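Follow along by finding each residue as it comes up.

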Amino acid sequence: MGLSGTYHAWTAVAIYFFISLAGGVGAICLDTLLMRETPLYLQGPLLGMLTAWSQGIIGLSMCGAGVAVEMMEPRLLGLAGGAGFVVISIVISMYYAGTRSRKAAGV
């Protein structure tokens, strides 16, 4: 969301750097959790399937963004995309907190 509102190249470079860093750390954390919880014989197929799905979703979102950029301003589209990520993060965090509290209660 910050990237859609910046007008300076160096600010955009810094934001891209932090976006890439956060994405890399998030991917490593997800892979680590999956490897910890998944039996050894299922790790390869599971990680392969997740990679295939994520690449397919990225391709579809790029196609959708290409269509959407014809209908709206690119900065507004970037802001909407960032807001979508924030909303998804909040929903996942709320689900995780609810699951964790139910697990602690023994349900």
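Let's start with Thr38, which you'll find in the loop between α1 (9–37) and α2 (40–68). Keep in mind that you're looking at a predicted model.

- Is Thr38 buried or exposed? Thr38 counts as buried, because its relative accessibility is 15% and the cut-off for buried is under 20%.

- Step across to Gln43 and you're in helix α2.
- Gln43 is buried too, because its relative accessible area is 16%, and buried means under 20%.
- Setting aside its neighbours within four places in sequence, Gln43 is in contact with Met35 and Thr38.

**Ser20, in helix α1**
- Now look for Ser20, which has its place in helix α1.
- Ser20 counts as exposed, because its relative accessibility is 52% and exposed means over 50%.
- How far apart are the C-alpha atoms of Ser20 and Tyr41? They're separated by 31 Å, with the two residues 21 places apart along the chain.

**The whole chain**
- Zoom out, and the secondary structure of the protein chain comes to three helices and zero strands.
- Reading along the sequence, you get the pattern α-α-α.
- The protein chain is more spread out than a compact globule, because its radius of gyration is 18 Å, well over the 13 Å that the globule rule gives for 107 residues.
- Picture a box of roughly 50 × 30 × 30 Å, taken along the principal axes: that's what the C-alpha atoms of the protein chain fill.

**Surface and charge**
- Of the 107 residues in the protein chain, 7% are buried. Thr38 is one of the buried residues, and so is Gln43.
- The protein chain exposes about 8700 Å², and 75% of that comes from carbon and sulfur atoms.
- As for charge, the protein chain has 5 positive and 4 negative side chains. The centres of those two sets lie 17 Å apart.

Key: Residues numbered from 1 in each chain as written. Predicted model: local features only at pLDDT ≥ 70, side-chain atom pairs only at ≥ 80, totals over all residues. Heavy atoms only, no water. Helix = DSSP H or I, 4+ residues; strand = E, 2+ residues; numbered from the N terminus. Buried < 20%, exposed > 50% of the residue type's maximum accessible area, 1.4 Å probe, protein only. Rg over C-alpha atoms; globule rule 2.2 N^0.38 Å. Areas by Shrake-Rupley, 256 points an atom, 1.4 Å probe, with all protein chains shown as cover. Lys, Arg positive; Asp, Glu negative; His and termini not counted. Charge placed at Lys NZ, Arg CZ, Asp CG, Glu CD. Contact = heavy atoms within 4.5 Å.
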